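Please examine the chain shown here before reading on. The paragraphs that follow move from individual backbone positions to the annotated span.

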Amino acid sequence: AVERTLVLVKPDGVRRGLSGEVLRRIEAKGYTLAAVQLLTATPELLSQHYAEHVGKPFYQPLVDFMLSGPTLAVVAEGQRVIEGFRSLAGTTDPTTAAPGTIRGDLARDWGTSVLQNIVHGSDSPESAEREIALWFPSL
Ligand code: CMP
């Protein structure tokens with residue numbers, strides 16, 4: 001089925017000038033861009049986006065990192081794009097992400113890379129719907 005997913009180029013990716021490279025890989029795979037917006041997150045937005053991680057040991061470092069600069073929020077559309085984008089992104093920890101994936105090819109600084117892993121992609125249709133509504137209230 002044709003789906004929509006929320007992709008975030010996180011502050012490390014934007015800072016490193018990787019926004020275009022991430023968009024290029026999304027489009028090269030054949031997905032289309034339904035919406036794109038550069039914005040700096042807020043603590044409120046992040047507590048909803050990362051609701052499942054509130055209270056975990058890495059939550060506060062994650063929030064501090066996500067507030068450290070602008071994020072590029074993207075709605076990508078295509079056949080099975082939710083699973084497909086996660087495959088493009090590679091595993092959460094770039095240390096072991098496969099070559100050919102965004103994280104496997106582009107991550108740097110292994111000490112901080114689980115946190116600073118360039119991109120986010122929704123993990124299910126339910127998450128995608130919820131996350132798109134959070135980052136793009138007008139959609
Ligand atoms: P993401 O999958 O976008 O959403 C949760 C984020 O939390 C994840 O990317 C990482 O950036 C971060 N994260 C997950 N697990 C850990 C961990 N063990 N240590 C630090 N950060 C983590």
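Is Ile 118 buried or exposed? The model is predicted, and in it Ile 118 has 26 other C-beta atoms within 10 Å. The cut-off for a buried residue is 20 or more such atoms, so Ile 118 is classed as buried. Its place is the loop that runs between helix H6 (102-106) and strand S4 (119-121). The backbone deserves attention here as well: Ile 118 is not a glycine, yet its phi is positive, at about 75°.

A positive phi also occurs at Arg 80, a residue other than glycine, where the value is near 50°. Arg 80 belongs to the loop between strand S3 (71-79) and helix H5 (81-89).

Attention now turns to the segment after helix H7 (125-135), where Pro 137 is located. With 7 other C-beta atoms within 10 Å, Pro 137 is exposed. Pro 137 and Thr 40 are separated by 97 residues in sequence, while their C-alpha atoms are 15 Å apart in space.

Finally, the annotation may be set beside the coordinates. An unreviewed UniProt entry assigns residues 2-139 the annotation "domain: Nucleoside diphosphate kinase-like". In the model, this span is 40% helix and 20% strand.

Terms used
Residues are numbered from 1 along each chain as its sequence is written. This is a predicted model: local features need pLDDT of at least 70, side-chain atom pairs count only at pLDDT 80 or more; totals for chains, interfaces and linings use all residues. Helices (H or I, at least four residues) and strands (E, at least two) are DSSP runs, numbered from the N terminus. A residue is buried if 20 or more other C-beta atoms lie within 10 Å of its own, exposed if 12 or fewer, and partly exposed in between; C-beta atoms are placed from the backbone. UniProt positions are given in the numbering used here, feature names are shortened, and annotations may be inferred rather than shown by experiment.
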